[in-house]
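Here is a short briefing on a protein model. Keep the sequence and the 3D view side by side as you read.

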Amino acid sequence: MAAPASAGGFRVPVAGARAESPGSGDRPDAGQPAPAGDLRSVLVTSVLSLEPLDLDLFRGRHYWVPATRRLFGGQIVGQALVAAAKAVGEDVHAHSLHCYFVRAGDPTVPVLYQVERTRTGKSFSVRSVKAIQHGKPILICQASFQQTQESPVQHQFTMPTVPPPEELLSQEELIQKYLQDPNLVEKYRLGLNKILAQEVPVEIKPVSPSKTFCQLSQEPKQLLWVRARGYIGECDMKLHCCVAAYISDYAFLGTALLPHRQHPVKFMVSLDHSMWFHAPFRADHWMLYECESPWAGGCRGLVHGRLWRRDGVLAVTCAQEGVIRVTQSPAESKL
């Protein structure tokens, strides 16, 4: 696969360009040219590469579709941010986005992204994006961009202390390990094989593997090392934000289900998704995804997330609420 000179409307370096950025010293290729034959991340070359149709109108296609046969929410959010970023200059950076999912996405047809240039100010600019299928919006997004500004007012939480990703097995390696157990219950074996068959363009290394695939209830918290598959390199920071938007939605809402694993899930879908971008990062370098669910009730669950660079810098904060409907036992049902 040839590496394009640009993808998704952003400047992307060709192979051989140096890849240096804050927090980039976490990969063998950090600060070095892309290895010969190294494929660009499919998130850059395909998933987040939009086709321009007219001024502020773009078309996006699909790569990975979950088993639910609905479009993956992270893809729609990431593509919406790509469309918004195409309508601002290179001198601003994305600092936040707020999205509402209003209809289920149809994986059989492309998505149109219509951008409105809501406001262009001296410091902040806002772009509104509608993701449209069958003539109706499936997602409404507000994205805000800011000129770089320095301030003495700075603080952040402390990054959790966890083993580095090099000492952990990937999700695929863990699944292969569990599948070798001859005593594994057949329904769990089928479920793990389905996960293994999914071509997700995200690398994941759970910090607590015993909890990840455990069927017992546990506290609504999980820690994951995550990064985009493939090479992205040093480029417009807005592109890395778009990739992070895609990554942030994977397995996020599931955090709210960890204390309730005794209930089979009938229906689970995101209602909204918000992100705040704090510091530069590389989405193709390992980041620690700290996820927790402070509340669930009324057939809804709320989750918070923090993406940490390896050097302890808080790069991104996320929040999401979703619908969660489970099968109740006869004693629990009010019918």
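D272 sits in strand β11, which covers residues 265-277. The model is predicted.

**The charged residue D272**

- D272 is buried, yet it has no salt bridge.
- The nearest side chain of opposite charge belongs to R300, 8.2 Å away. A salt bridge would need a side-chain nitrogen of Lys or Arg within 4 Å of a carboxyl oxygen of Asp or Glu.
- The side chain of D272 does reach the backbone nitrogen of E321, at 2.9 Å.
- Setting aside neighbours within four places in sequence, D272 contacts C99, Y100, F101, A319, Q320 and E321.

**The second largest pocket**

- The second largest pocket holds about 890 Å³ of space.
- Its lining counts 28 residues. Nearest the centre of this pocket are H93, F277, H278, A279 and P280.
- Elements giving two or more residues to this lining are β5 (92-101), β8 (136-147), α6 (237-248) and β11.
- β5 gives the most to the lining, with four residues.

**The residue L224**

- L224 belongs to strand β10, residues 221-228.
- Why does L224 count as buried? Its relative accessibility is 5%, and buried means under 20%.
- L224 touches I204, K205, P206, V207, M287, L288 and Y289, leaving out residues up to four places away in sequence.
- L224 and S170 are 54 residues apart along the chain, and their C-alpha atoms are separated by 10.0 Å.

Notes: Residues are numbered from 1 along each chain as its sequence is written. This is a predicted model: local features need pLDDT of at least 70, side-chain atom pairs count only at pLDDT 80 or more; totals for chains, interfaces and linings use all residues. Side-chain values use heavy atoms; hydrogens and water are left out. Buried means under 20% relative accessible area, exposed over 50%, partly exposed in between (1.4 Å probe, protein chains only). Lys and Arg count as positive and Asp and Glu as negative; His and the chain ends are not counted. A polar contact is a pair of N or O atoms within 3.5 Å; within protein, one must be able to donate a hydrogen and the other to accept it, and residues adjacent in sequence count only if both atoms are side-chain atoms. Contact means heavy atoms within 4.5 Å. On a 1 Å grid over the protein atoms alone, a cavity is a set of points where a 1.4 Å probe fits but cannot get out, and a pocket is an open set with protein on both sides within 12 Å along at least five of seven lines; lining residues have an atom within 4 Å of a point. Grid points are joined across faces, edges and corners, and a volume is the space filled by probe spheres set on the points.
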